[in-house]
Amino acid sequence: MATLEDPIKIGGVTVPNRLYRAPLLECAGNGPDAVDTLIDDLEPAAESGVGLICQGATIVRGEGGCAAPGMTRVHDPDFVARLSRLTDRIHDHGSRIFIQLEHGGLRSMETWHAEYRTEHPGLEQLAVSEPPWQLRLLDRIGFLEYDPHVLSTAEVYDLAADFGRAAARAVDAGYDGIHLAGANMGIVQQFLSPFYNRRDDEFGGSPEARLTFLAVVHDEIRERAGDVPLVTKVPAETPAPPAPIVRRNLSLADGIEIARRLERIGYDAVVPVQTSVTWDMSIVRGAYPERAWENGALQDAYDAAFGGATRRRLVALANRVQSLQYDFEPAWNEEFCRRVREQVSIPVLAEGGIRGREEMDRLLDSSGNETPACDMVGLARPFYAEPRLGARLLEVEPDGDGPRVVCESCNNCTVPQVTGAPGICRTPNVLQKRGELERAGAYERSDR
Ligand SMILES: Cc1cc2nc3c(=O)[nH]c(=O)nc-3n(C[C@H](O)[C@H](O)[C@H](O)COP(=O)(O)O)c2cc1C
Ligand code: SF4
């Protein structure tokens, strides 16, 4: 039976154990402090023994395409070369680091961020097809602003080449693998999902054709970056509130089929994730972040982002409605991961609501009748709450239910990021618990 402490191979790279830090926005930008910010954010997890660190989404182009303020861009070779300081620090602790590549497409700040749009009036959004009517309606009533540029066939190939170029720079900078943001409502998912993709060239028209973008990105990465491990998130879509206006477009069966085809194309691992087609809480299930919305110090910045107090209140209301549909559910991608794992022989990485060591052992367990759900387990928000969480989860003596994270999935860390605020835990009682654990030496590694 595989345990959390066992090594695993992804492509040609051995990861020292099966715990990973799932990608989380670092909001590090590209300024003079960017590399230090990334080191501060990511090194503690490596120091605590986490086998694989997945850096949050980075944008393959120099203009447009950021889903949130402060996202790091990886178009500039000089900047990416400087990231070798980060990869060296992660390697010093024996861990591996993958970089996530992304472009927001229709889910970019130039659609929703009022202040950003004013500052960049000429920006269009890259679109797979004309936005669906539900999004055009939101544009008409002033919630979003679309000025889409539908990619020509040649432009789709150019975009895929930019993923390849970014991957090559990343490998030169010491990254051990490339991760694609395939299930975050960004451009990869926009190619996969019939909600967005109504193209009639080789990139649309059938499930197989909708996968062509990922096939071309694979080929570009292989040609430019060699045999580097290549991983992508794989979506299965939920209906988005208010369903049935936005219905499910990719079922679990569709997601499983996408994963099977990705293995055939040459992907080295997959991360099955249930998501929706719009920007909601489907990928960050948990509570309505009351404290974050009521944070007095952030009201002006929220208004700048959403375009005034009325729209801020409407977005908060939509967030409250979403929290009813997407209440926290332990390991909510477990079933999807298990069904994918039954169909593929590449590693399956599971994330989403995994909160305790006992649960991790169960997901990895191959001793029973059921197929294990996954080959690696990942956590995201719990690393905001406890940056050195690995030390508490790894190499622990079996003891009752085993350690559990202190993160309460309250989502107070998520909303402030629309203002460019850093990704940190913002819930005082959780931070207090972390302080107590720190004082008790819980984050010291027993093997050091
Ligand atoms: C603030 C925040 C930022 C995130 N940024 C990314 C990202 O850049 N790329 C990505 O693939 N997923 C991103 N995610 C999703 C996480 O990787 C993860 O799938 C999700 O948070 C569920 O895991 P958890 O319950 O352990 O937090 C983000 C999640 C949060 C809360
Ligand atoms: S604010 Fe803290 S406790 Fe709440 S979800 Fe974020 S990391 Fe977890």
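**Entry 1: cysteines**

I looked for disulfides, meaning pairs of cysteine sulfur atoms within 2.5 Å. The count comes to 0 disulfides. This is a predicted model, in which local features need pLDDT of at least 70, side-chain atom pairs count only at pLDDT 80 or more, and totals for chains, interfaces and linings use all residues. Residues are numbered from 1 along each chain as its sequence is written, chains are lettered from A and ligands numbered from 1 in the order in which they are written, and side-chain values use heavy atoms, with hydrogens and water left out.

I took Cys27 as a case. For background, a disulfide is a covalent bond between the sulfur atoms of two cysteines.

I then checked accessibility, using a 1.4 Å probe on protein chains only: buried is under 20% relative accessible area, exposed is over 50%, and partly exposed is in between. Cys27 is buried at 17% relative accessibility. Cys407 is buried too, with a relative accessible area of 15%.

**Entry 2: cavities**

The search runs on a 1 Å grid over the protein atoms alone: a cavity is a set of points where a 1.4 Å probe fits but cannot get out, a pocket is an open set with protein on both sides within 12 Å along at least five of seven lines, and lining residues have an atom within 4 Å of a point. Grid points are joined across faces, edges and corners, and a volume is the space filled by probe spheres set on the points.

How many cavities of 30 Å³ or more does the whole structure hold? The search finds 3. The largest cavity holds about 70 Å³ of space. I noted its lining, which includes Cys407, Cys410, Asn411, Cys413 and Cys425. Arg381, Tyr384 and Ala385 are also among the lining residues.

I looked up secondary structure as DSSP runs, numbered from the N terminus: helices are H or I with at least four residues, strands are E with at least two. Helix α17 (residues 381–385) gives the largest share of the lining of the largest cavity, 3 residues.

I sorted residues by class: Ala, Val, Leu, Ile, Met, Phe, Trp, Tyr, Cys and Pro count as nonpolar, Asp, Glu, Lys and Arg as charged, and the others, Gly among them, as polar. The lining of the largest cavity has 7 nonpolar, 3 polar and 2 charged residues.

**Entry 3: ligand 2**

Where does ligand 2 sit? Ligand 2 takes the space of the largest cavity. A molecule sits in a cavity or pocket if more than half of its atoms lie within 2 Å of its grid points.

I listed the shell, counting a residue as near if one of its heavy atoms lies within 4 Å of the molecule. Ligand 2 is surrounded by 14 residues, and the closest are Cys407, Cys410, Asn411, Cys413 and Cys425. Helix α17 supplies the largest share of this shell, 3 residues. By class the shell around ligand 2 has 7 nonpolar, 4 polar and 3 charged residues.

**Entry 4: second largest pocket**

I moved on to open space. The second largest pocket has a volume of about 320 Å³. It is lined by 21 residues, and those closest to its centre are Gly390, Ala391, Leu394, Glu395 and Arg445. Its lining divides into 7 nonpolar, 8 polar and 6 charged residues.

**Entry 5: positive phi**

I checked backbone angles. Most residues other than glycine have a negative phi. Asn411, not a glycine, has a positive phi of about 70°. Asn411 lies in the loop between α18 (390–393) and α19 (428–439). Asn411 is buried, at 2% relative accessibility.

Met185 also has a positive phi, about 65°, and is not a glycine. Met185 lies in the loop between β8 (177–180) and α8 (187–192). Is Met185 buried or exposed? Met185 is buried, with a relative accessible area of 1%.

**Entry 6: C-alpha distances**

Last, I looked up residue pairs. Val315 lies in helix α14 (residues 309–325) and is partly exposed at 21%. Its C-alpha is 9.0 Å from that of Phe143, 172 residues apart along the chain.

Thr232, in strand β9 (residues 230–237), is buried at 0%. Thr232 and Ile53 are 179 residues apart in sequence and 14 Å apart, C-alpha to C-alpha.
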